[in-house]
Amino acid sequence: MSAKESSPTVTINVALLPPVTRMGFPVPLQSGSTPLKVRNILSPKRMVSFISPILILVIIENIEVKIFQSNHEGDLVDFIQRAYFEKADGIVINPGAYTHTSVALLDAVKSARVPTVEVHISKVEEREDFRQISYIRLACIKTITGEGFRGYLHGIDHLAAELGK
């Protein structure tokens, strides 16, 4: 196989929701109107169960996936801008609470001009009224809610299909 054939055909950057770094602390998640209490949301065992399907997708579909996580809005903006400069083919992002407040993330996605999928672990449409506002959605090609961590895989699959992979 030549180097050209073995290189990834699609590069997708994935930004995890901000609360995942709160390892060891209870993380209040919600699925619809049911609160979930989760500890060590990405413990080593959970990390393997989350990352394994992505690794399989990478191998089978020949997709390069770069995973990023930060609690800081500016870091997420930088991540989105890097997607442009690194010529990523797509972005999957869960902006967490920044969904409802960040015009900066909206502007970053618009200016990057990289197809972006918004992902939420919970069904935000079934949550509080203030969560019905999504600034970043205005620049996204799809929104996926309520699928848990599988939503990230769905987002990657959607982008791969959109990009003709």
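Student: Is Lys87 buried or exposed?
Tutor: This is a predicted model, and the values are computed from it. Exposed means over 50% relative accessible area. Lys87 has 65% relative accessibility, so Lys87 counts as exposed.

Student: Where does Lys87 lie, and what is its phi?
Tutor: Lys87 sits in the loop that joins H3 to S5. Lys87 is not a glycine, yet its phi is positive. The value is about 60 degrees.

Student: Which loop holds Arg113?
Tutor: Arg113 is a residue other than glycine with a positive phi, near 55 degrees. Its relative accessibility is 63%, so Arg113 counts as exposed. Arg113 is in the loop between H4 and strand S6 (116-120).

Student: Which element gives the most residues to the largest nonpolar core?
Tutor: That core has 17 residues; Phe79, Ile80, Ile91, Ile93, Leu105 and Ile136 touch the most other members. Helix H3 (73-85), strand S5 (90-93) and helix H4 (103-112) each supply at least two residues. The top contributor, with 5 residues, is H3.

Student: Which residues is Ile93 in contact with, leaving aside neighbours within four places in sequence?
Tutor: Ile93 is among the core residues that touch the most other members. Contact here takes heavy atoms within 4.5 Å. The partners are Ala15, Ile80, Thr116, Val117, Glu118, Val119 and Ile136.

Methods:
Residues are numbered from 1 along each chain as its sequence is written. This is a predicted model: local features need pLDDT of at least 70, side-chain atom pairs count only at pLDDT 80 or more; totals for chains, interfaces and linings use all residues. Side-chain values use heavy atoms; hydrogens and water are left out. A nonpolar core is a set of buried Ala, Val, Leu, Ile, Met, Phe, Trp, Tyr and Cys residues joined through side-chain atoms within 4.5 Å. Buried means under 20% relative accessible area, exposed over 50%, partly exposed in between (1.4 Å probe, protein chains only). Helices (H or I, at least four residues) and strands (E, at least two) are DSSP runs, numbered from the N terminus.
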